[in-house]
Amino acid sequence: VGIPIFTQSQQPFQWRGKDRPVSQFFNRMEDIGLNRTVSVQIPSHPLHKASCERKTLLDVRDRFLLQRLTNNPWNLLDLQSPIPSALPSFLEGENCQLLLRIRDAVLMGNSAERIAAPAQDWNTWRNVTDWALLSEGGHNTAPHMDSHGYSTWITVQEGRVGFGWMSRPRQQEEEAWMSDPHNFTGGDWRYFVLSPGHTVFFPSGTIHFVFRVQGEQTFALGGHILQWSGVGRWLEVVVTQMKTPEITNEDM
């Protein structure tokens, strides 16, 4: 697959009752303690300083449950998810298990027993298989490739999330974007607005952006995978990202 796939009703996990998914999400987070902190992007921060600020989960919960209109919306892109079985059903096949096999092979070493790797080894494997995205309305993410050549899935739980991408870029278009990603204006671009229950899956190296309307909170679950059938493309993307790290959304 070389283009994004859009589908719906593929999430095994289902919310219970009438409470907002955001509210139920934080109820589950209480088990680990709402005094823990998380990085929050705040647009009013000066450009020459860090865009993120540490906030407690309690602060974040209270702000999102109040649902007040704001001209300084918070955006959380690195939130641990307590939700089980969120991987979309169409990505559960053997072809989508490459990332997990790589992790297991590295951490198991020469042993075939259950993994008992030291904490520092586990810490090098940042959890990328599932996470949560939480944002107040108005936040936008500029065109980029997801780091480490990961393929990505995102399922919207609340609100509407706009997903855009460069459609079937020619090699020269891709190279031109990589050489100046902030000023590139070529290529054919498409977008789709995801509503709750919609999932987008996009493969390694997809140039994409995300946008949200003002005044509407959004909540999504997502994760990364690698596919055996995409090994060649994945390696090409990783090499490219190592040469031009400014095209990715995270440090390589």
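What is a cavity? On a 1 Å grid over the protein atoms alone, a cavity is a set of points where a 1.4 Å probe fits but cannot get out. A pocket is an open set, with protein on both sides within 12 Å along at least five of seven lines. Lining residues have an atom within 4 Å of a point. Grid points are joined across faces, edges and corners, and a volume is the space filled by probe spheres set on the points.

Before we go on, a word on the source. This is a predicted model, where local features need pLDDT of at least 70 and side-chain atom pairs count only at pLDDT 80 or more, while totals for chains, interfaces and linings use all residues. Residues are numbered from 1 along each chain as its sequence is written, and side-chain values use heavy atoms, with hydrogens and water left out.

Back to the cavity. The largest cavity has a volume of about 70 Å³. Which residues line the largest cavity? They are Asn75, Leu133, Leu134, Ser135, Ile154, Val161, Val210, Arg212, Thr218, Phe219 and Ala220. Strand 5 (131-135) and strand 12 (218-225) each give at least two residues to this lining. Helices here are DSSP runs (H or I, at least four residues), as are strands (E, at least two), and they are numbered from the N terminus. By class, the cavity lining has seven nonpolar, three polar and one charged residues. Nonpolar covers Ala, Val, Leu, Ile, Met, Phe, Trp, Tyr, Cys and Pro; charged covers Asp, Glu, Lys and Arg; the others, Gly among them, are polar.

About 870 Å³ of space lies in the largest pocket. Its lining has 33 residues, and the closest to its centre are Leu77, Thr141, His144, Asn249 and Glu250. Which strand gives the largest share of this lining? Strand 6 does, with five residues. Strand 2 (37-41), strand 4 (75-79), strand 5, strand 7 and strand 11 are also among those that supply at least two each. By class, the pocket lining has 13 nonpolar, 14 polar and six charged residues.

Now the core. A nonpolar core is a set of buried Ala, Val, Leu, Ile, Met, Phe, Trp, Tyr and Cys residues joined through side-chain atoms within 4.5 Å. Buried means under 20% relative accessible area, exposed over 50%, and partly exposed in between, with a 1.4 Å probe and protein chains only. The largest nonpolar core has 27 residues. Those touching the most other members are Phe25, Phe26, Val60, Leu76, Leu79, Leu134 and Phe219. Two or more residues come from each of helix 1 (21-29), strand 2, helix 2 (57-66), strand 4, strand 5 and strand 12. Helix 1 gives the largest share, four residues.

Look at Phe26. It sits in helix 1. Phe26 is buried, at 0% relative accessible area.

On to the rings. The structure holds 13 aromatic pairs. Rings of Phe, Tyr and Trp (its six-membered ring) pair if their centres lie within 6.5 Å; planes under 30 degrees apart count as stacked, over 60 as edge-to-face and the rest as tilted. Phe13 and Trp15 are edge-to-face, at 4.9 Å centre to centre and 85° between the planes. Both Phe13 and Trp15 are buried. Why is the pair of Trp189 and Phe209 tilted? Because their planes stand at 55°, with the centres 5.9 Å apart. Trp189 is in strand 9 (residues 189-194) and Phe209 in strand 11 (residues 208-211), so this pair ties together parts 20 residues apart in sequence. Phe6, Phe163, Trp165, Phe192 and Phe202 form one aromatic cluster.

Two backbone angles to check. His148 is not a glycine, yet has a positive phi of about 60°. His148 lies in the loop between strand 6 (140-144) and strand 7 (151-158). Arg168 also has a positive phi, near 45°. Arg168 is in the loop between strand 8 (161-166) and helix 5 (171-179), and is exposed at 62% relative accessibility.

Last, the cysteines. How many disulfides are there, counting pairs of cysteine sulfur atoms within 2.5 Å? Zero, over the whole structure. Cys52 is partly exposed at 35%, whereas Cys96 is buried at 9%.

Methods. Disulfide = S-S within 2.5 Å.
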